[in-house]
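The stops below follow one another as a series of selections.

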Amino acid sequence: MAFVCVLLAVLMFVLGCVDQHALWRFLDSWRYSDPDANEPSGAAFVVQRLGLFGAAGCFVYGAVVLSDMPERPEDSSESSHVSSSSSLSVFDEDAVREGLSWADFGGQPGSVGAGGQVSGSRTFSV
């Protein structure tokens, strides 16, 4: 993926280096019946050039960030997925708003949640 970001950065940089007037003539002038009357100003071409250089810089930054990311682990039985015997600590806000008690859920307040900490949250086994 970093390679794609580098390619896009090179493309944006090259488009930024090209004459913006010629680029507009090639890409956008066909839309108008009188292209000379609808030609953008010099300031618009400068802003377009700066935008292309800015986009190239963002793609380079994205390539650097993506190259520093670790590879995604392969799917295996020992991966970091939640196993069937793990427990999740969940705080049910809707039940609190409705005034339901812990007995309605078969649990007790202050049950031990994930990490062994006692809290007012509900512990479910998956």
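**A tour by selection**

Begin by selecting F53, which is partly exposed, with a relative accessible area of 30%; the classes used here are buried (under 20% relative accessible area), exposed (over 50%) and partly exposed (in between), computed with a 1.4 Å probe on protein chains only. The model is a predicted one, in which local features need pLDDT of at least 70 and side-chain atom pairs count only at pLDDT 80 or more, while totals for chains, interfaces and linings use all residues. Residues are numbered from 1 along each chain as its sequence is written, and side-chain values use heavy atoms, with hydrogens and water left out.

**Aromatic pairs**

Rings of Phe, Tyr and Trp (the six-membered ring of Trp) pair if their centres lie within 6.5 Å; planes under 30 degrees apart count as stacked, over 60 as edge-to-face and the rest as tilted. By this rule there are two aromatic pairs. F13 and F53 form a tilted one, with 5.5 Å from centre to centre and 45 degrees between the planes. Because F13 lies in helix α1 and F53 in helix α3, this pair ties together parts that are 40 residues apart in sequence. Helices here are DSSP runs (H or I, at least four residues), numbered from the N terminus.

Next, select W24 and Y32. Their ring centres are 6.3 Å apart and their planes stand at 25 degrees, so the pair is stacked. W24 is buried, with a relative accessible area of 5%, whereas Y32 is partly exposed at 36%.

**Helix α2**

**Helix α3**

Now select residues 42-68. This is helix α3, with 27 residues and a reach of 40 Å from its first C-alpha to its last, close to the 39 Å expected; the expected span is 1.5 Å times one less than the number of residues. Highlight F45, L52, A56, G62 and A63, the buried residues of α3. They pack against α1 (2-17) and α2 (20-27).

**Cysteines**

Finally, select C5 and C17. C5 is buried, with a relative accessible area of 12%, and C17 is partly exposed at 46%. How many disulfides are there? The count is zero, taking a disulfide as a pair of cysteine sulfur atoms within 2.5 Å.

How values were computed: Helices (H or I, at least four residues) and strands (E, at least two) are DSSP runs, numbered from the N terminus. Contact means heavy atoms within 4.5 Å.
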